[in-house]
Amino acid sequence: MILVGLLGLFFTGVTAQTADNRKAVRKAERTQRQQERQALDKRFFMMQTDRMMLRGGQVALVDPTTNFVSLNGETATVQVGFNAASAGMNGLGGITVQGTASDITMRTDKKGYVFFDMNVVGIGISAAVEITLFPGNNSASVTVLPNFNMNRVTLEGKLIPYDGSAVIEGAPY
């Protein structure tokens, strides 16, 4: 009987700790989401990506320090690459393109998804860039839709303020 009482007290304590942990996690997620929204509002963000969606639905794991989409004021940078033996066009095994962002829009739907869209035009890029922040966590996706071909690229990762990023930027095309 005493054993049953002690087990009841133990599980009550565990349940209370679990509830407190869930509250702390939710609070941290809300804070993270506010920082993401502020970075988008200020147009000063970096989306580091660790997954690239390929044609046919295949997924390639990529290095987030060399695969990103950023916006620093009006200057947008898109860099993609694989961990390849060749240096690629940017010296890192991929391509880096920069351009000026325009037609920037941001909206939030009823379910909490945040959509940030922009057009990017530069020497090596003319594309629509669509970023989606998912509700309930700090994951995001970005789709780059070139205006002159159908070679769209979808990347997944995390959006962070620009000054909190640690990336290696290759030579722009």
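First, the ground rules. The model is predicted, so local features need pLDDT of at least 70 and side-chain atom pairs count only at pLDDT 80 or more, while totals for chains, interfaces and linings use all residues. Residues are numbered from 1 along each chain as its sequence is written, and side-chain values use heavy atoms, with hydrogens and water left out.

Let's start with the layout. The chain has one helix and nine strands. In sequence order the pattern reads α-β-β-β-β-β-β-β-β-β. Helices here are DSSP runs of H or I with at least four residues, strands are runs of E with at least two, and both are numbered from the N terminus. Helix 1 covers residues 2-42.

Now the totals. The chain has 173 residues, and 32% of them are buried. Buried means under 20% relative accessible area, exposed means over 50%, and partly exposed is in between, with a 1.4 Å probe and protein chains only. The chain exposes about 10,400 Å². Carbon and sulfur atoms supply 58% of that area. Areas come from the Shrake-Rupley method with a 1.4 Å probe; for residues, only the protein chains shown count as cover.

A contact means heavy atoms within 4.5 Å.

Arg22, Lys23, Arg26, Lys27 and Arg30 form a positive patch. Arg30 sits in helix 1. Patch members have over 30% relative accessible area and no salt bridge; like charges are joined within 9 Å, and nonpolar side chains (Val, Leu, Ile, Met, Phe, Trp, Tyr) within 5 Å. Lys and Arg count as positive, Asp and Glu as negative, and His and the chain ends are not counted. Each charge is placed at NZ of Lys, CZ of Arg, CG of Asp or CD of Glu.

Next, salt bridges. Side chains of opposite charge can pair when their charged atoms come close. The cut-off here is a side-chain nitrogen of Lys or Arg within 4 Å of a carboxyl oxygen of Asp or Glu. How many does a search of the whole structure find? Three.

Take Arg51. Its side chain meets Asp50 in a salt bridge, at 2.9 Å from N to O. Arg51 also bridges to Glu156, with the closest N and O atoms 3.0 Å apart. Arg51 lies in strand 1 and Glu156 in strand 9 (residues 153-161), so this pair ties together parts that are 105 residues apart in sequence. Asp50 is partly exposed at 31%. Arg51 is partly exposed at 28%, and Glu156 is partly exposed at 23%.

Then there is Arg107 with Asp117, at 3.9 Å from N to O. Arg107 is in strand 5 and Asp117 in strand 6 (residues 114-121), so the pair ties together parts 10 residues apart in sequence. Asp50, Arg51 and Glu156 join into one network through shared partners. Back to Arg107: it is partly exposed at 49%. Asp117 is partly exposed at 23%.

Two backbone points. Arg43 is not a glycine, yet has a positive phi of about 60°. Arg43 is in the loop between helix 1 and strand 1 (44-53), and is partly exposed at 34%. Asp103 is not a glycine either, and has a positive phi of about 50°. Asp103 belongs to strand 5 (residues 94-108). Is Asp103 buried or exposed? Exposed, at 56% relative accessibility.

Ala60 is in strand 2 (residues 59-61), and is buried at 14%. Leaving out residues up to four places away in sequence, Ala60 touches Asp50, Arg51, Met52, Leu54 and Phe82. Ala60 and Phe82 are 22 residues apart in sequence, and their C-alpha atoms are 8.7 Å apart.

Phe116 lies in strand 6. Phe116 is buried, with a relative accessible area of 2%. What does Phe116 touch, not counting residues up to four places away in sequence? Leu40, Phe45, Leu71, Ile104, Thr105, Met106, Val129, Glu130 and Ile131. Phe116 and Asp41 are 75 residues apart in sequence and 9.6 Å apart in space, C-alpha to C-alpha.
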